[in-house]
Amino acid sequence: MQWYLEAIKNYANFKGRARRKEYWLFNLFHILIMGTLYLAGSAMESLLLFVVILIYYFLTLIPYLSVTVRRLHDIGYSGWMYLVNFIPLVGGIILLVFTCLDSDANENKYGANPKISINQSA
């Protein structure tokens with residue numbers, strides 16, 4: 001949950017780098033929250049909960065884009081590579097592969113490797 005909240009706090013930060021851990025834990029909690037709201041809305045057949053889902057989705061859209069762009073920065077790609085997601089059939093698969101790749105070794109033009117920064121400060 002710490003990584004989810006960290007991504008929410010950095011919602012407007014499209015600079016820097018995000019580790020795989022931050023990206024995937026944000027997505028995990030995002031999917032769990034969306035799924036729970038959806039199941040509750042389906043069970044109660046409540047239109048209000050579906051409106052809440054929609055509001056939650058739009059409130060987390062910018063943090064999702066931000067963490068994805070920072071994840072792409074971590075592997076050395078520009079944030080504009082997110083647009084590959086809009087290629088029919090294969091775009092989502094390409095973005096999935098990109099987000100699964102390991103970080104650049106040390107430093108790239110987007111900043112220092114967050115793994116090394118965290119390990120040195122501990």
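Helices (H or I, at least four residues) and strands (E, at least two) are DSSP runs, numbered from the N terminus. By that rule, the protein chain has six helices and two strands. Along the sequence, their pattern reads α-α-α-α-α-β-β-α. This is a predicted model, in which local features need pLDDT of at least 70, side-chain atom pairs count only at pLDDT 80 or more, and totals for chains, interfaces and linings use all residues. Residues are numbered from 1 along each chain as its sequence is written, and side-chain values use heavy atoms, with hydrogens and water left out.

**Confidence**

- pLDDT is the predictor's confidence in each residue, from 0 to 100.
- The protein chain averages 87, and 95% of its residues score at least 70.
- Confidence is highest in α5, with a mean of 94, and lowest in helix α6 (residues 114–121), with a mean of 65.
- Where pLDDT is low, predicted coordinates should not be read in detail.

**Overall build**

- Taken along the principal axes, the C-alpha atoms fill a box of roughly 50 × 40 × 20 Å.
- Buried means under 20% relative accessible area, exposed over 50%, and partly exposed in between (1.4 Å probe, protein chains only).
- Of the 122 residues in the protein chain, 34% are buried.
- Accessible areas come from the Shrake-Rupley method with a 1.4 Å probe; for residues, only the protein chains shown count as cover.
- The protein chain exposes about 7700 Å², and carbon and sulfur atoms supply 70% of that area.
- Contact means heavy atoms within 4.5 Å.
- Among contacts with a separation of 6 or more, 65% come from residues 24 or more positions apart.

**Aromatic pairs**

- Rings of Phe, Tyr and Trp (its six-membered ring) pair if their centres lie within 6.5 Å; planes under 30 degrees apart count as stacked, over 60 as edge-to-face and the rest as tilted.
- The structure holds seven aromatic pairs.
- Y4 and F26 are stacked, because their ring centres are 5.2 Å apart and their planes meet at 15 degrees.
- Y4 sits in helix α1 (residues 2–9) and F26 in helix α2 (residues 20–44), so this pair ties together parts 22 residues apart in sequence.
- Y4 is buried at a relative accessible area of 6%, and F26 is buried at 0%.
- Y57 and F58 pair edge-to-face, with 5.4 Å from centre to centre and 70 degrees between the planes.
- Y57 is partly exposed, at 36% relative accessible area.
- One aromatic cluster is formed by Y4, F26 and F29.

**Around Y64**

- Y64 belongs to helix α4 and is buried, with a relative accessible area of 19%.
- Leaving aside residues up to four places away in sequence, Y64 touches Y23, F26, N27 and Y82.
- Y64 and H30 are 34 residues apart in sequence, yet their C-alpha atoms are 8.9 Å apart in space.

**Salt bridges**

- A salt bridge is a side-chain nitrogen of Lys or Arg within 4 Å of a carboxyl oxygen of Asp or Glu.
- The count comes to four salt bridges.
- D74 and R17 meet in one of them, at 2.8 Å from N to O.
- That pair links helix α4, where D74 lies, to the loop between α1 and α2, where R17 lies, 57 residues apart.
- D74 is buried at 0%, and R17 is buried at 9% relative accessibility.
- E22 bridges to R70, with the closest N and O atoms 3.0 Å apart.
- E22 is in helix α2 and R70 in helix α4, so the pair ties together parts 48 residues apart in sequence.
- Both E22 and R70 are buried.
- Shared partners join R17, R71 and D74 into one salt-bridge network.
- D102 forms a salt bridge with R20, with the closest N and O atoms 3.3 Å apart.
- D102 lies in the loop between α5 and β1 (107–108) and R20 in helix α2, 82 residues apart.
- D102 is partly exposed at 42%, and R20 is partly exposed at 32%.

**Surface and loop**

- Patches are made of residues with over 30% relative accessible area and no salt bridge: like charges are joined within 9 Å, nonpolar side chains (Val, Leu, Ile, Met, Phe, Trp, Tyr) within 5 Å.
- Y38, L39, L47, L48, F50, V51, V52, I55 and L59 make a nonpolar surface patch of about 910 Å².
- α3 gives the largest share of this patch, seven residues.
- L47, in helix α3, is exposed at 66% relative accessibility.
- L89 lies in the loop between α4 (61–74) and α5 (91–100), and L89 is exposed at 82%.
- The phi of L89 is near 70 degrees, a positive value in a residue other than glycine.
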